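Work through the exercises below with the sequence and the 3D structure at hand. Try each task before reading its solution.

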Amino acid sequence: VDQTLRGVLELYSCSPAPVLEGAIIVSQGWRRRGLGSALLRAGLGIACGAMERSIRLIFARDNWPMRKLASNANARVDIVLDEFCADIPIGLSQRGSFPTSAMAKEGRFR
């Protein structure tokens, strides 16, 4: 935004498992504006193209914005050693917030 980096998505392969582990970071002043959701949608497109089954996000139990993001993305959430582990399936868009795999492949992320 305005030639300044405001958010980052990193994806790491968990090979041989068909899962990408993801990390999302959004600049403090740009949180709660949909940037994290947009980054996750882009990640879903990448994962779909790479034939992965899900994106896994791991975050602290008190990270409420990430909990909401995982919930909106229809993630399966487990508690592991005092952290949340959220697996977001590729291609499921039951709540309408995230694209189906076909939409992700086409790059339609809005």
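**Exercise 1: the largest pocket**

S2, H1 and H2 each contribute at least two residues to the lining of the largest pocket. The model is predicted, so local features need pLDDT of at least 70 and side-chain atom pairs pLDDT 80 or more, while totals for chains, interfaces and linings use all residues. Residues are numbered from 1 along each chain, and side-chain values use heavy atoms, without hydrogens and water. Helices (H or I, at least four residues) and strands (E, at least two) are DSSP runs numbered from the N terminus.

Task: Which element supplies the largest share of the lining of the largest pocket?

Solution.
1. H2 supplies the largest share, five residues.
2. Among the 16 lining residues, Arg32, Gly36, Pro65, Met66 and Leu69 are the closest to the pocket centre.

**Exercise 2: helix H1**

Task: What should the 15 residues of helix H1 span at 1.5 Å a residue?

Solution.
1. The expected span is 1.5 Å times one less than the number of residues.
2. For H1 (residues 35-49) this gives 21 Å, and the end C-alpha atoms are 21 Å apart, which agrees.
3. Just after H1, Met51 has a positive phi of about 65 degrees.

**Exercise 3: contacts of Phe59**

Task: Which residues does Phe59 touch, not counting residues up to four places away in sequence?

Solution.
1. Contact means heavy atoms within 4.5 Å.
2. Phe59 touches Met66, Arg67, Ala70, Glu83, Phe84 and Ala86 under that count, which leaves out residues up to four places away in sequence.

Key: On a 1 Å grid over the protein atoms alone, a cavity is a set of points where a 1.4 Å probe fits but cannot get out, and a pocket is an open set with protein on both sides within 12 Å along at least five of seven lines; lining residues have an atom within 4 Å of a point.
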